[in-house]
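Welcome! Let us take a short walk through this structure together, one part at a time.

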Amino acid sequence: FDSDENSIHRKTNLYYPFSSRRDWQLAAWLLRSGLSMGKIDSFLSLEMIKDLPLSFRSAKELRGRAEMLPSGPRWQSRVIPMSHPTKSPVVLYWRDPIECIAALFNHPLFHNYIDLTPRRSAIPSGATLLGTVLSSDKTNITSLTGDRVAHPLLMSLANIHMKIRLKSSSNAFVLTALLPVPKFIHKKKRMRGVLEDRLVHQCLDIVLEPLKQAARSGIMLSDPIGHSHYCFTPLASYIADTPEAMMLASVGGKTSPVTMAMYKQFGDPFRHEPRTKSTTLAQLAVARSRADPNDVEVFFREAQKFRLNGVEKPFWRDWLLAEPSHFLTPESLHHIHKQFYDHDAKWLICAVGESEIDFRFSVLQPMTGYRHFRGGISKLKQVTGRCQRDIERYIIAVSADGVPTDVLAAVRALMQFRYLVQLPRVDEDDLKRISSTLAEFHTKKDAIIAAGARRGSGNRVINNWYIPKLELMQSIIASIRNSGVIGQWSADVTEHAHITEVKDPARSTNNNNYDPQICRYLDRAEKCRRFELATGILDCGESVGKLEDLDPDDEDTDVDDADVQDIFISATRSRPITNYFEISKLLQRRELGSVPLPLRSFVVKRTALHLAYDPSIRTITVDEAAIKFALPDLRPAIADSSNGRQLMDMHTKAGPTAILPFDKIQVWFKIRVQEMELYDAHTVRSAQTLNCAPPNNPWTLGRYDTSIFETDTSHTWPNSGHTVAQIRLIMRPIGKSSTQWSWKDQFLTYVQRFDILNDRDPTTQLHLLKRAKRSNGNRMGDVIPVSQMRAPINLIPRFGAIADVRLTAYNSMEHAAEFWLNEFWDKTTF
């Protein structure tokens, strides 16, 4: 910003080449709007707009001024000479990877969220290890018609904190290259594939050569506050789906990219020998000694003997410390969630029956903020990663009792494995549990084939375990030990980057010769983003040096951090989570009398609770509320609780005419519950809405959600000392004038508790619950302070072998006799 050719003009006008902040704001909006140049010209020709003192009067002039903004890493191109003919010239578009790494390393918004201390390294003392993260995958540019495909190469830094790097709005992944996707002219389809694979490795060689040199010799880079670091750039991870990983590892189809296993060994209950760089290069040397690499067909036949794909020079061959079995890290989107939907879900759908499992999913009570599968899951189209995760939450409990026990036990073991490997922190005990769950699956997996649940196309029964992703699971523990938790290598953010970095820019082109137009679009967008960030920081009076003093883990820096966070939100266009913990702090600091009491937002331990300012029912008598919410024991329950009866007490002491210190109550139909992250006490989770609405159409029996409540103040959730209860009423008593009582200015809730029947079910490993009943057989209802609420919880009715056809999504929680405590609902507290 301060070193380009126009920096001298910005000493007097911060927004040069635009005339003012307003001029820049309108320009930025137009540049990001996606409007064509013709439509921008039409907008600028409006009489109202002509009256504005703008520095540009046409779209061409606007783009010309945008080109004058400070630039980031610059795009370059090269025609790649081919020894085999293609239908069009092969052109590689890329940016210097060192410039891309430097742009991330010295980005001011990442300053407090980047780790510069190597944990295990042989680099010189005082040097900095910058772990390079790469990702590539082919993606369609055109929709519905055409066959235009792009092959983007994205780059990031493993040093950037995981929670920041995995946010799409952080722009922590930079598009570094558009790898060419030519159409080779060859009579054999397989040879065309070999030539395409060779070209990818050749282009990666060209693009990544500066990083290889930096990995060997190091390079000096500057951080956001101007400190220089002697940096080395090893390859930490290459995020890719299974076919891409096979291509990158230079192995053929039906072969593991990270071990020496071939397809007949994919179902083995142990990890095969890792595929090392030295092994693959030695095999290539043997193939090279037997055949000329330029003779593609002959060389491919020799390479096939080692189950290689015919690539002569893998891009990683001369990258220091680059081992395919290490940098091809497992990633959750394809290796965990897609594997589940392609296999586990299909096994259970087959075992339970399509119509039966669809009905069970359709009658689950909807939860606010979570997908409800009204039509079931067997006929879903275009299933996304989020949809796959949503099915994972429920399918074990939904399928219980409807399939053979060993089938469900095998799938449940694999689901436990799936959840455990996604933990944000993993220790040795966790690794033992991960290993034991995978071993349990392999012990019981034959029951799936015996039940005929593993089927392929045409509903054909499959009697083998030739599943590549199943074999890759054996390498997850080794990957965690070597590269850390797999959650940090998720392809979710890179798949989203394909939209913002390739597909959206492609829509602004003339649908011809996409690559150069995409590069120009991204160049302008990058200039605008960097310019907005720099002017935002300087305009707010925040120097880059001041960022050094901000500690993201310091609870006392909330006020000082606000301006910088505003800039971060503005620059990244993120949608921040409403933080009820901070709202509660602000309300408590207000002058007495300036806010109504009791406070609608308050914090108890690790839980924040929020009620709407206005109640759903402003005033209603206790007896009217008992009728409206179908709670005949509401009055005695209030009387008993006001006299100190505990939540676990089985007996009602007060009568139906008990005298209360208040006559009327205010009622709320919803409450929002927010928790701190279990593994990060400084990060808040999204708030969850819990409903407790009275009977209405279509909820003829009312809509009541369940929650965890504290019964012993000496324990903290998620430890013991808690119970599961259904929220039936949230109220605030309106006391009689001049009456003093213990619940004055408090929110109360009437709940109905559930009892745990026994230990975990041996098949599902879930707890089975039933409604707590009093000695007279009625449901046990208690009134307790809302402040005892700790966390949302999910219960699923126990359907038995065949679900009751009278159940619906609106009555299943009221008519079911037993419930599964669904621990798969939330992977954070799993």
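We will visit a helix, then a strand with its partners, and end with the cysteines.

This is a predicted model, in which local features need pLDDT of at least 70 and side-chain atom pairs count only at pLDDT 80 or more, while totals for chains, interfaces and linings use all residues. Residues are numbered from 1 along each chain as its sequence is written, and side-chain values use heavy atoms, leaving out hydrogens and water.

Start at helix α14, residues 385-399. Helices (H or I, at least four residues) and strands (E, at least two) are DSSP runs, numbered from the N terminus. The 15 residues of α14 reach 21 Å from first C-alpha to last, close to the 21 Å expected (1.5 Å times one less than the number of residues). Of these 15 residues, 14 are buried, meaning under 20% relative accessible area with a 1.4 Å probe, protein chains only. After α14 comes aspartate 401, with a positive phi near 70°.

Now turn to strand β6, residues 149-157, where eight of nine residues are buried. Strands count as paired if DSSP finds at least two bridges between them. Strand β4 runs antiparallel to β6 over five bridges, and valine 133 has serine 156 in β6 as its bridge partner. Strand β7 is also antiparallel to β6, again with five bridges; here histidine 151 is partnered by leucine 179 in β7.

Finally, how many disulfides does a search of the whole structure find? There are zero, a disulfide being a pair of cysteine sulfur atoms within 2.5 Å. The sulfur of cysteine 387 lies 20 Å from the closest cysteine sulfur, in cysteine 350, so it is too far for a bond.

Technical notes. Buried < 20%, exposed > 50% of the residue type's maximum accessible area, 1.4 Å probe, protein only.
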